[in-house]
Amino acid sequence: MSFEFISLEIIQKFAHEYGYWAVFLGILLENLGFPLPGETITIAGGFLAGSGELNYWYVLGSAIAGATLGGNFGYLIGRYGGWPLLLTLGKFFRFREEQLFDLKEQFSQNAAKAIFFGRFIALLRIFASPLAGIAEMPFWKFSLYNLAGAASWASVMVSLAFFLGQVVSLEKLVAWAAQFAVLALALVVAWIAIPIWLESRNLNNTK
């Protein structure tokens, strides 16, 4: 996701000056919840590779490494401290503990899909890994899907920026990626929220 307080010009300059380290640290820190536009930095890296300023394979490797390592850190945070934090946030947003437990169980049943496809969805890219830790997904299984998801996401983002960047502006590429991520997030929220709302409505009607 891009943030209005960080202009695309600054991101492009950052990627140009720090190259592969910018891509690696950008997506790693975004995965840890820092307000950095990691996806935009990755797209900028692919764009610069398309113009010959960076090497395509090094950009791709940096993005995969940063996304994978960031996901692993996120999993460990969720595994060893995420559930109490989730309960605290749940109370703030007026979710009952039973609802959060149901959400945890629902995530557990779809954890592999969430880890893999969550890379392409705004916010879920950040929260999927901690949620996998909270759900106590086996680490070996998480690692497998985390690496596969990171490699797929990075390949798509870097390759699209590399090839399309030769005929489309960086601004348009970033806008397309943001629109897709937000649309995907809206669909996921609806998929989760509608069943919870229907269940709550049925409980109210039976009282």
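Colleague: What should I know before I start?

Modeller: The model is predicted, so local features need pLDDT of at least 70 and side-chain atom pairs count only at pLDDT 80 or more, while totals for chains, interfaces and linings use all residues. Residues are numbered from 1 along each chain as its sequence is written, and side-chain values use heavy atoms, with hydrogens and water left out.

Colleague: How are two packed helices described?

Modeller: By the angle between their axes and the distance between the axes. Here, the axes of helix 1 (residues 8–31) and helix 2 (residues 38–50) come within 7 Å and cross at roughly 120 degrees. Helices are DSSP runs of H or I, at least four residues, numbered from the N terminus. Axes are lines fitted to C-alpha atoms over the stretch in contact, with angles from 0 to 180 degrees between N-to-C directions.

Colleague: What does that angle make helix 1 relative to helix 2?

Modeller: Oblique. Angles under 35 degrees count as roughly parallel, over 145 as roughly antiparallel, 65 to 115 as roughly perpendicular and the rest as oblique.

Colleague: Is A177 buried or exposed?

Modeller: A177, in helix 8 (residues 170–206), is buried, with a relative accessible area of 12%. Buried means under 20%, exposed over 50% and partly exposed in between (1.4 Å probe, protein chains only). Leaving out residues up to four places away in sequence, A177 touches E39 and I43; contact means heavy atoms within 4.5 Å.

Colleague: How many residues of helix 6 are buried?

Modeller: Nine of the eleven in helix 6 (residues 124–134), including R125 and P130. After helix 6 comes E136, with a positive phi near 60 degrees.

Conventions
Helices (H or I, at least four residues) and strands (E, at least two) are DSSP runs, numbered from the N terminus.
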